[in-house]
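This briefing goes through selected parts of one protein structure. The sequence and coordinates are shown first, and the notes follow by topic.

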Amino acid sequence: MQKPTTSWRKLLSEPGENGHIVQLYQDDDFYGEAISHFAAEGLARGESIILVATLPHWENISGRLRGKGLDTEQLFRDGQLTLLDADETLPKFMAGNLPDGRIFKPLAKQTIAKARANGKFRRVRWWGEMVNCLYVEGNAAGSNRLEQFFDEVAHEENIAIFCSFLMDKYDPKIYDEAFGNVCSTHSHVIPADDYAQHRMTVNRAVAEVVGEIKGPLLQSLISWKDAPSLMPSSQALLLWVRAHLPNYFEPVLARARELEREPARRKAS
């Protein structure tokens, strides 16, 4: 059985065939660094990269790629880097509020075939934010349906797909539906930039709000394997609290948020 990695950098460096990874982000630094790392690592391995970005986000990503010593214009000319405008591409396959798979999937496969350049590039990686665009607009059904289509394409075409969601991991409302939808269509979840810090924050929040976990609850935690996709143990712990200690879930999230903000407040003062 596959185990969650202890480093999102390693995961994005080696996503494997059919890997479908999602990042939850709230700041541009984590967002841009993860995407540029995913792309740069693929380029270094001789893979072809497809990026589907809005213009402001492309400026963030391209600046970081150049900072890693990559000549994006030359990569475009070589056919190893493909850029699509998310705002222009999304309407091409939407039927009302929902994506039409009969249009989207052939379009995606044509893009992948072009990126392979007649066999010049054996492997292809795809990052895009069209799913996130729908989510941010409040179209949860359309966002989830498009993610399902992407998951099908990932397996049918044997490519790695990476998505980024503007989603607050400490917001209890996302756990009602959005987070479950994300997990159901992704093999791995990256909830934070610093896994070790996230683990310490969540562990401390649980200890302060819930107290010592022992007896049957401890046995339940040890044997719990119901996380819907691979993720750091700290994020899985939050899901366990929601499932087994629902009255404590929102207070744990609120305390974790406070703890995460403390270093920034101390630095500001």
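**Largest cavity**

The largest cavity is lined by Val-52, Leu-84, Thr-89, Phe-93, Phe-104, Leu-107, Ala-108, Thr-111, Trp-126 and Met-130. The model is a predicted one.

- For the largest cavity, the volume is about 40 Å³.
- Helix α6, residues 101-116, gives the most to the lining of the largest cavity, with four residues.
- By residue class, the lining of the largest cavity has eight nonpolar residues, two polar ones and no charged ones.

**Helix α2**

- Helix α2 covers residues 28-44, and its 17 residues should span 24 Å at 1.5 Å a residue; the end C-alpha atoms are 24 Å apart, which agrees.
- Of the 17 residues in α2, 13 are buried, so the helix is mostly covered.
- At the start of α2, the backbone nitrogen of Asp-29 has a side-chain oxygen of Asp-27 within 3.2 Å.
- Gly-46 follows α2 and has a positive phi, near 75°.

- Buried residues in α8 include Gly-142, Ser-143, Asn-144, Leu-146 and Glu-147.
- Also buried in α8 are Phe-149, Phe-150, Val-153, Ala-154 and Glu-157.
- Just after α8, Asn-158 has a positive phi of about 55°.
- Ile-159 sits in the loop between α8 (140-157) and β7.
- Ile-159 counts as buried because its relative accessibility is 0%, where the cut-off is under 20%.
- Leaving aside neighbours within four places in sequence, Ile-159 is in contact with Asn-18, Gly-19, Ile-112, Arg-116, Arg-123, Val-124, Trp-126 and Ala-154.
- Ile-159 and Ala-95 are 64 residues apart along the chain, and their C-alpha atoms are separated by 26 Å.

**Ser-13**

- Ser-13 belongs to helix α1, residues 8-13.
- The relative accessibility of Ser-13 is 8%, so Ser-13 counts as buried.
- A polar contact of 3.0 Å joins the side chains of Ser-13 and His-37.
- Leaving aside neighbours within four places in sequence, the contacts of Ser-13 are His-37, Glu-41, Arg-45 and Arg-125.

**Ser-48**

- Ser-48 is part of strand β2, residues 48-53.
- With a relative accessible area of 0%, Ser-48 is buried.
- A polar atom of the Ser-48 side chain lies 2.9 Å from the backbone oxygen of Ala-115.
- Leaving aside neighbours within four places in sequence, Ser-48 is in contact with Gly-79, Gln-80, Ala-115, Phe-121, Arg-123, Val-124 and Arg-125.

**Ser-164**

- Ser-164 lies in strand β7, residues 160-166.
- Its relative accessible area is 1%, so Ser-164 is buried.
- The side chain of Ser-164 makes a polar contact with the side chain of Gln-23 at 2.7 Å, and another with the side chain of Trp-127 at 3.1 Å.
- Leaving aside neighbours within four places in sequence, Ser-164 is in contact with Gln-23, Tyr-25, Tyr-31, Ile-35, Trp-127, Gly-128 and Asn-132.

- Ala-117 is in the loop between α6 and β6 (124-128), and Asn-118 is in the loop between α6 and β6.
- Ala-117 is not a glycine, yet its phi is positive, about 55°.
- Asn-118 is not a glycine either, and its phi is positive, about 55°.
- Are these residues buried or exposed? Ala-117 is partly exposed, with a relative accessible area of 26%, whereas Asn-118 is exposed, with a relative accessible area of 84%.

Definitions and conventions:
Residues numbered from 1 in each chain as written. Predicted model: local features only at pLDDT ≥ 70, side-chain atom pairs only at ≥ 80, totals over all residues. Heavy atoms only, no water. Helix = DSSP H or I, 4+ residues; strand = E, 2+ residues; numbered from the N terminus. Buried < 20%, exposed > 50% of the residue type's maximum accessible area, 1.4 Å probe, protein only. Polar contact = N/O pair within 3.5 Å; in protein donor to acceptor, adjacent residues only side chain to side chain. Contact = heavy atoms within 4.5 Å. 1 Å grid on protein atoms, 1.4 Å probe; cavity = no way out; pocket = protein on both sides within 12 Å on 5 of 7 lines; lining within 4 Å. Points joined across faces, edges and corners; volume = space filled by probe spheres on them. Nonpolar A, V, L, I, M, F, W, Y, C, P; charged D, E, K, R; others polar. Expected span 1.5 Å × (residues − 1).
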